Amino acid sequence: MGRLAVLRWQALSVAVAFLAWEAAVRVGLLDPLFVPAPSMVLHALPSLAAEALPRLLDTFGTTALGYAIAAAVGVPAGLLLGSRRLLHDVAMPYVVALYGVPKILILPWIALVFGIGLSTAVLSAAVFAVFPIVVLVAAGARDVDPTLVTVAVSMGATRGQIGRKVLLPAVLPSVLTGLRIAMVFAILGVLLAEMLAGHRGMGYLMQRQAMAFKAPELFASTAIVSALSVSVVAVPLKKKQRLGQWR
Amino acid sequence: MKLWIGRAVVLVVALLAWEVAASMLNPILYVGPSRLPAALGRVLSVRYLPPLGSHLWLTLGEVVAAFLLAVASGLWVGFVLGLQKTLGRIYEPLLAVLYAVPSVIWYPSLMLFFGLGPASKIAFGFLLGFLPVTLSVLAGIRQVPESLVTVAVSMGAGPGAVFRKVMLPAMAGTLAGGLRTGLALSVVGVLVGEVLGARAGLGYVLTYAYGLLMTAEYAALVVIVAAAVLTVDALGALVEARVRRWAD
Amino acid sequence: MTAAEAAPIVVEGVSKRYQTPSGAVTAVEEVSLTVRPGEFVSLLGPSGCGKSTVLLMIGGLVRPDAGRIVIEGEPSSGPNPKKVALAFQDPGLFPWRTALDNVGFGLELQGLPAARRREIALGLLEPMGLKGFEAKYPRELSGGMRQRVAIARALALDTPILLMDEPFGALDEQTRLLMGEWLVGVRRRTRRTIVFVTHSLQEAIALSDRIVVMTARPGRVKDVIEVPLPFPRDLGSPEVADLRAKLWGQVREESLRAMESSA
């Protein structure tokens, strides 16, 4: 089946799903109080925009900050862990263990110490995003083909030259993958922090809409945040494909 | 041998640093490891906090329910999309899009629909665990070597036999990995749900302690829950390793 | 001409031991060898006889436990990019660099400007039949092409000595033969001293001025055989047949020994 046909079927399926959803509400199968019809959701969008826009900026701005911190800490840490065998073997189990602990558990404590506001959300994003970065970058650093290093050494490369001209480009695809995956985690961290503590951002808004049974507004908010998340993740994917061309 | 010493040293140094830092800072906010055992005792003795036992069972029940639902539906959807190639080509990309959305986005809607009771936690845990299972089925089917299938067919095996005797064993390892991830995510989903809004369960007890500024008790709870989660995942890893060894 | 100038490579009684989980293993034992300027010497022997280890020691990548290596009169203490260039069985091309940038890598390390590097690299790639491929990435090249780029990269350093560790080992038979012919041509043009590790008698006979036969582990020099035949070599001639028979007798013994010890 050709690409065009696949796309057409996908579009058709989505359209049919929405129509069925709309019909189910109209007919009474779904209670609009809990599951609003798509038409109601669309109707709620314009009035939502006024309140949502500053909150969206808040959420995604906070994400960017936390993400930057995670990258600044995680990439060097991952490179260090991956390149030094002893360090890797000793420390990695702890990193993996910490990665496996649900970070939601310490979120209340972060909120307690850093208060209800920006810093908690930023820190939350950073904590969530740093782990996939460290793990993936470390794996990439470990997997560098040793022959490449041997070639460089045989040509008299200094340590700095080996690092810059061999290790760094070899590790780049893993770094980019880690950074890309970490984006979703960062957004997750911010939303969680917003839902748990504070009055900022989309997370708080969605929580409040749920409590007030404002279903159409909630679904609209969910749709907007999802769409933005997907696009935030998709753009770097395109960039990565160009940079990682030689793979 | 040296490795274990190294790791032990790291642990001891970390605990010491934590203790020293905590003792220099506000004790209401910062709890050093030395205060944890006493706090643990208080948590278990049930005086200031809700009884831990019943909450533990509730959370466990929610996790089991969420995981079973995730596995059942994940396997079903995975096999349908994986074996029916055209359906797979159409719907798998749509599933992949879902993966790019931070899962917690769905939670307020689930809370609105199911309320604050266990149902919303089970639903959220199910949602989180479903995707890894499905994707692992798809990946597992894809990595079955074509040559194995060809051999079986050439010996006269019908589609049912090929499925049972060739595909399932060949994908067992990948599947086990997917189930393990699904379990881990179901656990996270349930816990997140309980922390964000619940009237019972481990996550609820956690926020209860946090709300009352009983930081030491809260820290003890975090350690217990974290240890429990890691143990569950370690068991999952063991099972996965066992399955992989058998499959290869 | 002083003695030092006369011998680009002098290997004096080198030995190398390794620690394995099952105890100490002597890979190379008391190997001595002198290579004359412009000579093509093959190190021939069964797998595990230490011939690669000897090569790596000459290249300064492995330090001998006993004995020493003297390169153009100076004792070797490490990689010597001005005098010695290496090519390995795995071409080891940097996958993120084009063929051109790969060839220019060694020159880049030495600080040569980009225009000059490009000039030299193109000059090396063209006679190899790779003109037009300089902008391709390694994944776009065949195995034989990759190996040629790797050798060009080694040649770019313009060193008097070239060390090659089974560079054609991973190629299919036809490509191997063609690469062998090509290498003979390169050697004729550039007059470098080449030490070549192989386990193929065919290759050793086709390419070398002298063949050093090594024993099974621990690797020692079993015999050194001169090949005074003119280039290009007629592999069907009676001299070659005699040589092959003689070599085979030696190598077979060692190969059997190697197989038994590993069984």
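How many salt bridges does the rule find across the interface of chain C and chain A? The rule finds 1, a salt bridge being a side-chain nitrogen of Lys or Arg within 4 Å of a carboxyl oxygen of Asp or Glu. C:Glu108 pairs with A:Lys165, and their closest N and O atoms are 2.6 Å apart.

This is a predicted model, where local features need pLDDT of at least 70 and side-chain atom pairs count only at pLDDT 80 or more, while totals for chains, interfaces and linings use all residues. Residues are numbered from 1 along each chain as its sequence is written, chains are lettered from A and ligands numbered from 1 in the order in which they are written, and side-chain values use heavy atoms, leaving out hydrogens and water.

Now the interface as a whole. Chain C brings 21 residues to the contact and chain A brings 19 (contact means heavy atoms within 4.5 Å). About 1800 Å² is buried between them, and carbon and sulfur atoms give 72% of that. Buried area is the accessible area (1.4 Å probe) that two parts lose on being put together, summed over both. In chain C, C:Trp96, C:Leu109 and C:Arg139 lose the most area to chain A, together 34% of what that side buries.

Turn to the helices of chain A. The axes of α2 (residues 38–83) and α8 (residues 201–211) of chain A come within 6 Å and cross at roughly 135°. Axes are lines fitted to C-alpha atoms, for helices over the stretch in contact, with angles from 0 to 180 degrees between N-to-C directions. Helices here are DSSP runs (H or I, at least four residues), numbered from the N terminus.

How values were computed. Helix = DSSP H or I, 4+ residues; strand = E, 2+ residues; numbered from the N terminus.
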